[in-house]
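Colleague: I have a few "how do you know" questions about this one. Could you put it on the screen and take me through the labels?

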Amino acid sequence: MKTGEQLVIVGENKVGKTNLLHALRLVLDPSLPDSVRQLRKTDFWDGLKGHLTKDTVIRVSVDLTDFEDDEDLLAILAEHIVEVEPLVARV
């Protein structure tokens, strides 16, 4: 999205809109304290089948594109580039 653009997330109740936003904050918000980064059972859908254990690994990543014309973003994202054509950075 470019500056000034807006994004709207729409969906029925209990489909994961809030969890999606929380996952994005986990990846993109460096001001979140470590205590918030510890996932709890309440962070998951209450209909989740199976059990999460201490060994369960959950990865949250975001692929960023359309930043090749911004030198500042290129510098920041350089170490996270996973594809060159088209240019994609994963954080």
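**Labels and cut-offs**

Modeller: From the N terminus on, the elements run α-α-β-α-β-β. Keep in mind that this is a predicted model: local features need pLDDT of at least 70, side-chain atom pairs count only at pLDDT 80 or more, and totals for chains, interfaces and linings use all residues. Residues are numbered from 1 along each chain as its sequence is written, and side-chain values use heavy atoms, with hydrogens and water left out.

Colleague: What makes something a helix or a strand here, and how many helices and strands does the protein have?

Modeller: Both are DSSP runs, numbered from the N terminus: helices are H or I with at least four residues, strands are E with at least two. On that basis the protein comes to three helices and three strands.

Colleague: Why is strand 1 called an edge strand?

Modeller: Two strands pair if DSSP finds at least two bridges between them. The three strands form an open sheet in the order 1-3-2, with antiparallel pairing. Strand 1 (63-64) and strand 2 (81-83) each pair on one side only, so they are the edge strands.

Colleague: What makes Phe67 buried rather than exposed?

Modeller: Buried means under 20% relative accessible area, exposed over 50%, and partly exposed in between (1.4 Å probe, protein chains only). Phe67 has 4% relative accessibility, so it counts as buried. Phe67 lies in the loop between strand 1 and helix 3.

Colleague: Which residues is Phe67 in contact with, leaving aside its neighbours within four places in sequence?

Modeller: With contact meaning heavy atoms within 4.5 Å, the list for Phe67 is Leu73, Leu74, Leu77, Leu87, Val88 and Ala89. Take Val88: its C-alpha atom is 8.6 Å from that of Phe67, and the two residues are 21 apart along the chain.

Colleague: Asp66 is in the loop between strand 1 and helix 3 too. Why is Asp66 called exposed?

Modeller: Its relative accessible area is 60%, over the 50% cut-off, so Asp66 is exposed. Phi of Asp66 is near 60°, a positive value in a residue other than glycine.

Colleague: What is phi of Lys14, and where is that residue?

Modeller: Phi of Lys14 is near 65°, again positive in a residue other than glycine. Lys14 sits in the segment before helix 1 (17-28). At 58% relative accessibility, Lys14 counts as exposed.

Colleague: What about Gln6: why does that residue count as exposed?

Modeller: Gln6 has 75% relative accessibility, so it passes the over 50% test and counts as exposed. Gln6 is also in the segment before helix 1. From Gln6 to Leu74, 68 residues apart along the chain, the C-alpha separation is 23 Å.

Colleague: Now the whole chain. How does the radius of gyration of the protein compare with that of a compact globule?

Modeller: The radius is taken over C-alpha atoms, and the globule rule is 2.2 Å times the number of residues to the power 0.38. A compact globule of 91 residues would come out near 12 Å, but the protein has 16 Å. The C-alpha trace spans about 45 × 30 × 25 Å along its principal axes.

Colleague: What share of the residues is buried?

Modeller: Buried residues make up 12% of the 91.
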